[in-house]
Each structure stands twice: as structure tokens, then as C-alpha cells.
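Please keep the sequence and the structure in view while reading.

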Amino acid sequence: MASIYRSLTINISKEMMCYSDFPIPADYPNYMHHSKILKYFRMYAEHFKLLEYIRYQTLVKSVKQRPDYSRSGQWEVLTQSKDGQEERHVFDAVICCSGHYTYPHLPLKEFPGIETFEGKYFHSWDYKGPEDMQGKRVVVVGIGNSGGDIAVEGSRVAEQVYLSTRRGAWIVRQVSDNGLPLDMKYNTRFVHILFQLMPVSFLNWFGEGKVNAMYDHTMYAIKPNHRLFSQIPVFNDELPLKILSGSVVIKSNIKEIRGSTVEFEDDSVLEKVDVIVFATGYNYDFPFLPQNAMYKTGHRVGLYKHVFPPTLEHSTLAVVGFIHALGAIMPQAEMQARWVASVFKGTKKLPPTQTMIKSVEKDTKVIQKNFIVSKRTPLQVDFVDYMDDLAGEIGIRPSLLWLFFTDYALFKRLLWGPMTAYQYRVTGKGKWDGARKAIFTQFDRMYEPLKTRKVRKPALPPLYDTMV
Ligand SMILES: NC(=O)c1ccc[n+]([C@@H]2O[C@H](COP(=O)([O-])OP(=O)(O)OC[C@H]3O[C@@H](n4cnc5c(N)ncnc54)[C@H](OP(=O)(O)O)[C@@H]3O)[C@@H](O)[C@H]2O)c1
């Protein structure tokens, strides 16, 4: 199972993460604590009457092709209940949604001397809260979102927190200009068009300048080797302040551990370290799926549009939610699910195997060219391109040109406003009558939880005051 710590607050704002036909309640905060996200998921499941179809506490042991698969395309699924009871089921189709963050990556071999460590060490998967850090000297390894959050939280109670990074990272604030959620401000079609038109080197230079204007990444010793837009950044508003106030000290990669001494690659040495937290990310695996369904291309699994294994005889197996972009997983997984549903129903056909394999290879090359990928982070896509591509497959992509002539007010919001998922309910199959209103009121819902004291209406920048 995936695991989260008690204080976890999502780093995507509510309007950008909600499902396309079910806005998150207006009074919910913009960056939600995980308990609120769970409430939203429950509301969604109850609203669409999904709970009766979910079997909880059940492990899927294997998914195998049936003996008559060639004819039927059917799957045999072996499950195990909480009390160990195994059961075989036959399904016409299977969607695997197990995600990327289930198998903790604990690379102890890369930390010579870890077996001599006299303190306590664990992976961020096991981290629930900072209790074990009270008054301790703590080293957090890895500057991903987990490492950043844990270092900040630990620094409130620890004697000292050290954050060790081998490559550095771009650290970006979630509270953007005028206090708007960062993604509502910048994840727009307009910005996406700029990305298509301008050289990426210029965009990196511009973006890095803006990020460095808040705090110089070189001065804060976090400057990474990679450019800003070649990897998803770390979202953390507090880390720079913790660095500035000295409660988090940035260190280079660990070279060696001897007892309670930790030596770093720059030869600096820390004595009396009590705790090491390995916030070193996750590996992915699908051990329950048949071997012939999954093949590797580069670091990624060969899936047509990141969903369908292209080599199978029938399109009755799909992987949903195995995607990574600078945008929330929920709308992307929903979009994948809508496409999968139309393929399973037969209203949409997949291309021939060879065409799909070629497309997979092309995608792998594009990913390798544009982003830094590795074994643990095998893929990244452009959020808008990906959403529009799948939407195009099922005829739900909004036409900006058509809207320009027929509904200019909506066109304006689609072009300059945030890339919220309601856009994909404006037209086509699954059109939702509330979509237009949801788009017109998205800034109202952003503003609602902030109205906690009577003050005059905020003076937002010109573009936004027409949208609120
Ligand atoms: N608030 C939130 O919403 C929130 C909070 C936590 C996590 N998340 C999400 O959860 C996912 C997982 O995040 P994560 O931070 O757990 O993992 P991650 O993003 O994969 O970061 C892992 C970090 O560990 C480092 N690392 C890995 N192996 C290492 C080694 N052998 N030696 C030294 N350093 C090593 C990596 O460095 P390299 O880059 O050099 O490999 C990287 O800095 C991400 O999508 C993240 O955005 C979200």
C-alpha cells in the first residue's frame, strides 16, 4: 500500500485536482489535508453510487489470460481476502490502478557503512510524524517532496536537521503572486501555448530567474544540475525559511557512515547522528500482471498512450493512473478511464499492434529528450498535451476556435484561466450541464475558504478580477 504521514497536505490546489463533473466543496481549503481529500473521494463515490462495486481489504494475487482468451479476451483474477480466503473470478476486462508509489526504494547498498549505524534509520514510507526526532540530530536523505516535507516538520522538534541531496532541486512556492495557488495561475492553456512557441532554453532561463528571485538557489546550496522544466520541482513554501533560520542545513550526498558519524561527499563530517530518514522515493512493479503484457522501452513500461499494453491480442487490459505530469493525477486518471471505458465498450477501437508499438517508441524518445527520467521516475508527459490527446480520442476536447465565435466568455476562461478538468465536460459524450458554470465559478471556490473575516474585495490582477 501507499503510505502518507499525518501532516500531509497535497501540493496541488483543489480546483486543479478535482474530477471533471464533481467540484470540491467551495468551503474546502485550496491545498487540502489528506483527511479532506479522503472525504472528497468518499463524497464522489457515494454520489456516483460506486461503493457497492468496491471490494475492500482484498489482495489481487494474479491476473491471467483465460484458456479461451484468444476467443473471449477474458481474464482470470485470483484474489485473497483479509482472512486468507482465495477466490477465482472471471472478468471481461481489467483495469490496473495500483500506481507508482507502493514499493519503497531503500538503496542501502549505496550507503557504505549503514550496517554500522548506531541510531535508527527508516524509509519515508514508514514516517508518520516527527516523534522519533524530538531533540535528535537527524539526516534526511533525498530532496523530493517527501524529503522536503519531513525535513521541515522534523526541524520543529529536532535538535538539528540536515537535508542531504546528491543533485539538488528546484524548490517552488505553492502560494504564488497575489496569494493565488501556483497551479491556478500558471497551469493554463495560454502558458502552454507559450511553451510551444518559445525555445525551452529561454523558458528555463525565465522560470529559473523567477524562482531565484524568491531565494537564490545557489546561495541556498540547493541549485540542481538540471534545468527547471526538465523535472517536476519540489513544492515547499517553508523549506527556504527553515534553511535561512538554520534549522535545516543542506548537505551533499552521503559518502560513508561509521557508527553515529556521517561523512559527506564534500568531506564534511557530522558526529552523533541519531536518525537517518531515507526519503529516496519509490519503485514501481506490477507483479500480478502476466509477463507478456508488460515490456520495457527505455525506463518506462511500453503502454500505448500510457494505458494499453500494445502487444496483447485484445484490448481488455488497461493501466490507469501510471502517469506523471506537472498537474494532478486525478483528472489525468479520469481522462484515461473515460477513454478506456469507450475502448472496452467497443465504441472506440485501438490501432493495429505495430502502429501502437511505433507510437510507444516515439513517446519514449520524446520523454527522454524533454525530461530527466530514471528507473524510479520512468516517465513524464506534458499535462495539457496529454489531456487534449486523450480527449481527442473520445471527442471531448473543447474547440477553442469554435468557442471564440460562439461563447467568447467561456473561450476567455479556457485560454487564460486554469486548466481545470471541467473543460472536458463542455462538449461531446459525457457532457455535463454544470461544466460551464463550474468554470465560471472556479475562482469563487478558490476564494470561498479565505473569506474568514470581513474585508473589502481583494484587488486581484486585471486578468483574474474578471474571472472571480
Ligand atoms: N505534499 C505532497 O503532495 C507530496 C508529499 C510527498 C510526496 N509527494 C509525491 O510523491 C511522489 C514521491 O515523492 P518522494 O519525495 O517520496 O520521492 P522522489 O520524488 O522520487 O524523491 C526521491 C529523492 O531521493 C533521492 N535519492 C534516491 N535514491 C538516492 C540515492 N541512492 N542516494 C541519494 N539520494 C537518492 C532522489 O535524488 P535524485 O533526484 O538524484 O534521484 C530524490 O531527491 C512524488 O510524486 C511527490 O511529488 C507529494
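The protein has 16 helices and 19 strands; helices (H or I, at least four residues) and strands (E, at least two) are DSSP runs, numbered from the N terminus. This is a predicted model, in which local features need pLDDT of at least 70 and side-chain atom pairs count only at pLDDT 80 or more, while totals for chains, interfaces and linings use all residues. Residues are numbered from 1 along each chain as its sequence is written.

**Overall form**

- Along the principal axes, the C-alpha atoms fill a box of roughly 65 × 65 × 45 Å.
- Of the 468 residues, 34% are buried; a residue is buried if 20 or more other C-beta atoms, placed from the backbone, lie within 10 Å of its own, exposed if 12 or fewer, and partly exposed in between.
- Among contacts with a separation of 6 or more, 67% join residues 24 or more positions apart. Two residues are in contact if their C-beta atoms, placed from the backbone, lie within 7 Å.

**The shell around the ligand**

- There are 26 residues around the ligand, and Gly142, Gly144, Asn145, Ser146 and Gly281 come nearest; a residue is near a molecule if its C-beta atom, placed from the backbone, lies within 6 Å of it.
- Helix H4 (residues 145-155) gives the most to this shell, with 4 residues.
- The shell holds 8 nonpolar, 13 polar and 5 charged residues. Ala, Val, Leu, Ile, Met, Phe, Trp, Tyr, Cys and Pro count as nonpolar, Asp, Glu, Lys and Arg as charged, and the others, Gly among them, as polar.
- Domain 1 (14-101 + 293-448) and domain 2 (104-283) each supply at least three residues of the shell; the domain bounds come from an automatic or database domain assignment.

- Valine 307 lies in the loop between strand S18 (300-301) and strand S19 (317-319).
- Valine 307 counts as buried because 24 other C-beta atoms lie within 10 Å.
- Beyond its neighbours within four places in sequence, valine 307 is in contact with Ala318, Val319, Val320, Gln336, Trp339 and Val340.
- From valine 307 to alanine 318 the C-alpha distance is 5.4 Å, although 11 residues separate them in sequence.

**A hairpin**

- Strands S12 (residues 254-258) and S13 (residues 261-264) pair in the antiparallel sense over 4 bridges; two strands pair if DSSP finds at least two bridges between them.
- Isoleucine 257 stands opposite valine 262 in S13.
- The hairpin of S12 and S13 has 2 residues between the strands, and glycine 259 in the turn has a positive phi of about 65°.
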